[in-house]
Amino acid sequence: MAWFKRKEPKIEKKVKIPEGLWVKCENCKEIIYRKELENNLKVCPKCQYHFRISAKERISLITDNGTFIELDPELKSPDPLEFKDTVSYKERLTENEKKTGLKEAAIYGEAKINGRDVVIAVLDFSFMGGSMGTVVGEKITRAAEKALERRVPLIIISSSGGARMQEGMFSLMQMAKTAQAIGKLKEAGILYISVLADPTFGGVTASFAMLGDIIIAEPRSLIGFAGPRVIQETIKQQLPEGFQRAEFLLEHGMVDIVVERKELKNTIYRLIEIIMPASSSYNLNSLSNLPQSSPPEV
């Protein structure tokens, strides 16, 4: 007689989950249903982490449906230095064009935001880290010139690692070029709103990205010149918690407002209506439009 009976182990059937159906949040590590994430504008419903999105997605998010007209889409980067590391610069450009469907890291054109005419330029981090070479610098400059010509607000959304090393000094020259173009807008009293997305670094931060009349940042965006690891290794000190995040920069006066993605379009529209109303020839350099306060009583 057997003292015990052997129990057969229960074998659980594995359920096959189609690839790409779920996404892991980079911040809270929660697993999110991809469709739910997309319906929430690629913002984590658990912790509100803002995932990176493409330039075309940003344009669709910010502008009125069907109003965006892209300008100079055919511009492509040259190879002035005939640069080569593990592969040639030309090969890298071809690889990124195939991967993203873009010819360069920036898109610009004319559009409407809640009926208001604007010129908008957007950097796409997926194309060589959104780095600024001669073509990106040229497109930002042309966007500023178009806004000046039409006397409409300029909106630039940045997401970039900085200057493009494969173009060397030609890339660095774009900092002065874009800053000069933005300066002409300021002289003419044309509103320029700069939106900083994750990440915005290097020569982009050091030029047009931080020259906005209003500087907006998406929540938790990493913004700076050099990265926090480089800074910490240089100064040999522990950096404050949240260093270079959008909220840290807001607290220290480097950005004007932190805006969630779902509120970005209406926030930009309200700022345009307040600062550059359609029925007024408002000039940013003039104080005549501001209400005069009475002197304090003694």
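Visitor: Where does C44 lie?
Guide: C44 lies in the loop between helices α1 (34-39) and α2 (55-62); helices are DSSP runs of H or I, at least four residues, and strands are runs of E, at least two, numbered from the N terminus. The model is predicted, so local features need pLDDT of at least 70 and side-chain atom pairs pLDDT 80 or more, while totals for chains, interfaces and linings use all residues. Residues count from 1 along each chain as its sequence is written, and side-chain values use heavy atoms, without hydrogens or water.

Visitor: Is C44 buried or exposed?
Guide: C44 is buried, at 0% relative accessible area (buried is under 20%, exposed over 50%, partly exposed in between; 1.4 Å probe, protein chains only).

Visitor: What does C44 touch?
Guide: Beyond four places in sequence, C44 is in contact with C25, C28, I32, L37, Y49 and F51, contact being heavy atoms within 4.5 Å.

Visitor: And where is C28?
Guide: C28 sits in the loop between β1 (22-24) and β2 (31-33). C28 is partly exposed, at 26%, and touches C44, K46 and C47, again leaving out residues up to four places away.

Visitor: Which residues does UniProt list for "binding site"?
Guide: The unreviewed entry lists C25, C28, C44 and C47. They gather at one spot, because no two of their C-alpha atoms are more than 8.8 Å apart although they span 23 residues in sequence. UniProt positions follow the numbering used here, feature names are shortened, and annotations may be inferred rather than shown by experiment.

Visitor: Switching topic, which helix holds T205?
Guide: T205 is in α6, residues 202-205. T205 is buried, at 10%.

Visitor: What does T205 touch?
Guide: Outside four places in sequence, T205 touches T200, M210 and G224.
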